[in-house]
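Work through the exercises below with the sequence and the model side by side, and try each task before you read its solution.

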Amino acid sequence: MSSKSLISFVIYGFLLLSLCNSLKDNAVDGTRAYFHALKISSLPSSDVCKESSKDLNEGSSSLKLVHKFGPCNPHRTSAAPASSFTEILRRDKLRVDSIIQARRSMNLTSSAEHVKRSVPFYNLPAPGGDYIVNVEIGTPKKEVPLIFDTGSSVIWTQCKPCKACYPKVPVFDPTKSTSFKALPCSSTQCQLLRHGCSSSKCTYKATYVDNSSSAGFYATETISFNHLRYDFKNILIGCSDQVSGDSEGESGIMGLNRSPVSFSSQTANIYNNLFSYCIPSNPGSTGHLTFGGKVSNDVKFSPISKTSPSSDYDIKMTGISVGGRRLLIDASAFKIASTIDSGTVFTRLPPKAYSTLRSLFREMMKGFPLSDQDIFLDTCYDFSNYSTVAIPSISVFFKDGVEMDIDVSGIMFPVGSKVYCLGFAELDDEVSIFGAFQQKTHTVVFDGVKERIGFAPGGCD
């Protein structure tokens, strides 16, 4: 047996012993294991969809949350991601850049009117974090797959007649819907939106930092969930007849930020401005996007930051632990609130917080060889000589004593054949982002009435 294999065997044995002791101690004093078993051998991709076993709570309306490349998406255009992990990282960086640009534009003026009318349009969520919901639009109903995005405002889909549309995915035909009404330029809504006009229609254009775009006109339309009898009437949508960029299974975006034109805001009177979601651990499983319902006692809430932009979801991060050890970080390292974003893949931390996290994580992983990767994820390991490794747990703390244990699927990101990287990165002090990769398997609750965001484990199953 090689020395590396022996080290792996010893660590795995220690892990199993720790897990057994943890299960024994749990009933007594609530202690838990601070290492996770990570199987390195990749399993063949399943083409069978695994449905979530989570029961929907009373009074809620839920949509399945599915990965665009996974077997649970009936509109997928490819059985596997078309992009390499390098492309995933590139687009995730563009996503972060777009958030920074939006924050900077808002800081150019502090006028209430500017903040009120500023509707930041971010680039499409990066591959790897691309989860969608299938909704029905119009009368009669037409099913369209939309990216769910807590960082976008408008709900839009591509419409006929197309000057340029995504191929291989559904296109909505407004001429066949009896409930479709184009928004006239003379309407109060159009004047408040402060967009352009063409042929008496209220127009819009969203341009993203990856050079993709969506352009068309505003309208009101009926939105339906296929398992509900209730229809959402007169919802403001964007009807796009000209899109650019790549689609890999989606026809548009369902904006869910705090803007008045987002779907969550437009249905706030129905669902008391409450929605939640759970991102599954892998593309072959389903999660959910749920509006309304009862809030479980398991959900622990942290208040939305008072200093956050009016359209974003920011909460205050207060600390991090690795392998059960709380990082020795001064509170000043978390002076910027963290944006909870479903479209950013990886969590971005301020420099002091990230460097301390990286140092302790590397210390606990010193038995494994570091791998030098030419990417912004800078703590990577080559596990080629190992079948199973033990990686330290990571927990994140938010204001009001909220502790969120990151699921094992959200700690290390595969970037090559048996090469895994810590799924956190450093960002300057302008923005801190809590990404979708770290949110996996948790119920994430957005309570607009009480202006708070909550987390609970076991949200998908």
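Predicted model: local features only at pLDDT ≥ 70, side-chain atom pairs only at ≥ 80, totals over all residues.

Residues are numbered from 1 along each chain as its sequence is written, and side-chain values use heavy atoms, with hydrogens and water left out.

**Exercise 1.** Describe the link of Cys159 and Cys239.

Solution. Begin with the sulfur atoms, which lie 2.0 Å apart and form a disulfide (a pair of cysteine sulfur atoms within 2.5 Å). Next, take the angle about the S-S bond, which is -125° and makes the link left-handed. Then place the residues: Cys159 lies in the loop between strand 5 (156-158) and strand 6 (181-182) and Cys239 in strand 10 (residues 231-244), so the pair ties together parts that are 80 residues apart in sequence. Strands are DSSP runs of E, at least two residues long, numbered from the N terminus.

**Exercise 2.** Decide whether Cys162 and Cys165 are buried or partly exposed.

Solution. Recall that buried means under 20% relative accessible area, exposed over 50%, and partly exposed in between, with a 1.4 Å probe and protein chains only. Cys162 has 34% and is therefore partly exposed, and Cys165, with 23%, is partly exposed too.

**Exercise 3.** Locate Ser342 and state its burial.

Solution. Ser342 sits in the loop between strand 18 (338-340) and strand 19 (347-349). Because its relative accessible area is 2%, Ser342 is buried.

Terms used:
Helix = DSSP H or I, 4+ residues; strand = E, 2+ residues; numbered from the N terminus.
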